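I opened the model today and kept notes as I went. Each entry records one thing I looked up.

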Amino acid sequence: MSEHPERPDRHHHYTEDEVAREVTDLEGKSATAARIFDLRRIIGGLFVLYGVIVTITGITDSQAAIDKAQGVNINLWTGIGMLLLGIFFLAWLKLRPTPPPLPPEGLPEEREGE
């Protein structure tokens, strides 16, 4: 029979304060995870990264590559557009951050006791 040190044989009964503290801790972690994985951050970061790469490619393009695109330095203009879009997403994230999640409404048994 294997022993599990993280699961002792006796049961631990949690007090209401311990449960409330654990719930508050998990809500804080959830809010942090929501802010970290906000799509605006991911999309903005990727557009800025690719925009820098394409802009550098456009700056270093040869005249033959520009002539192939009928005289338009398409890499330069596309890179600048990508940079602007990425900066827009990151500015949007900074100006309007993700609001913290609303607290749960509580269980019906808890509301009756109030």
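**Entry 1: R40 and D38.** I began with the side chain of R40, which makes a polar contact with the side chain of D38 at 2.7 Å. For a polar contact I took a pair of N or O atoms within 3.5 Å; within protein, one must be able to donate a hydrogen and the other to accept it, and residues adjacent in sequence count only if both atoms are side-chain atoms. The model is predicted, so I kept to local features with pLDDT of at least 70 and to side-chain atom pairs at pLDDT 80 or more, while totals for chains, interfaces and linings use all residues. Residues are numbered from 1 along each chain as its sequence is written, and side-chain values use heavy atoms, with hydrogens and water left out.

R40 is found in helix 2. D38 lies in the loop between helix 1 (16–36) and helix 2 (39–59). I read helices as DSSP runs of H or I with at least four residues, and strands as runs of E with at least two, numbered from the N terminus.

Are these two residues buried or exposed? R40 is buried, at a relative accessible area of 12%. D38 is buried too, at 11%. My cut-offs were under 20% relative accessible area for buried, over 50% for exposed, and partly exposed in between (1.4 Å probe, protein chains only).

**Entry 2: what else R40 meets.** I looked for a backbone partner. The backbone oxygen of R96 lies 2.9 Å from a polar atom of the R40 side chain. Next I listed contacts, meaning heavy atoms within 4.5 Å. Leaving out residues up to four places away in sequence, R40 touches F89, L90, W92, L93, R96, P97 and T98. D38, with its neighbours within four places set aside, is in contact with L93 and T98.

The charged end of R40 sits over the ring of W92, 5.0 Å from its centre. The test asks for NZ of Lys or CZ of Arg within 6 Å of the ring centre and within 35 degrees of the ring normal.

**Entry 3: the rings.** How many aromatic pairs does the whole structure hold? The search finds 3. The rings of F88 and F89 have centres 5.8 Å apart and planes at 75°, so this pair is edge-to-face. The rings of F89 and W92 have centres 5.9 Å apart and planes at 45°, so this pair is tilted. Rings of Phe, Tyr and Trp (its six-membered ring) pair if their centres lie within 6.5 Å; planes under 30 degrees apart are stacked, over 60 edge-to-face, the rest tilted.

Ring pairs link F88, F89 and W92 into a cluster. F89 and W92 both lie in helix 4 (residues 74–95), 3 residues apart, about one turn of the helix. F89 is buried at 16% relative accessibility. F88 is partly exposed at 48%, and W92 is partly exposed at 38%.

**Entry 4: T55.** I moved along helix 2 to T55. T55 is buried, at 11% relative accessibility. Its side chain reaches the backbone oxygen of G51 at 2.6 Å. Not counting residues up to four places away, T55 touches N75, L76, G79, I80 and L83.

**Entry 5: Q70.** I checked the backbone angles here. Q70 has a positive phi of about 60° although it is not a glycine. Most residues other than glycine have a negative phi. Q70 is in the loop between helix 3 (63–68) and helix 4. At 75% relative accessibility, Q70 is exposed.

**Entry 6: the whole chain.** I count 5 helices and 0 strands. Of the 114 residues, 12% are buried. Among contacts with a separation of 6 or more, 72% come from residues 24 or more positions apart.

**Entry 7: confidence.** pLDDT is the predictor's confidence in each residue, from 0 to 100. The protein averages 80, and 67% of the residues score at least 70. Confidence is highest in helix 4, at a mean of 96, and lowest in helix 5 (residues 108–113), at 50. Where pLDDT is low, the predicted coordinates should not be read in detail.
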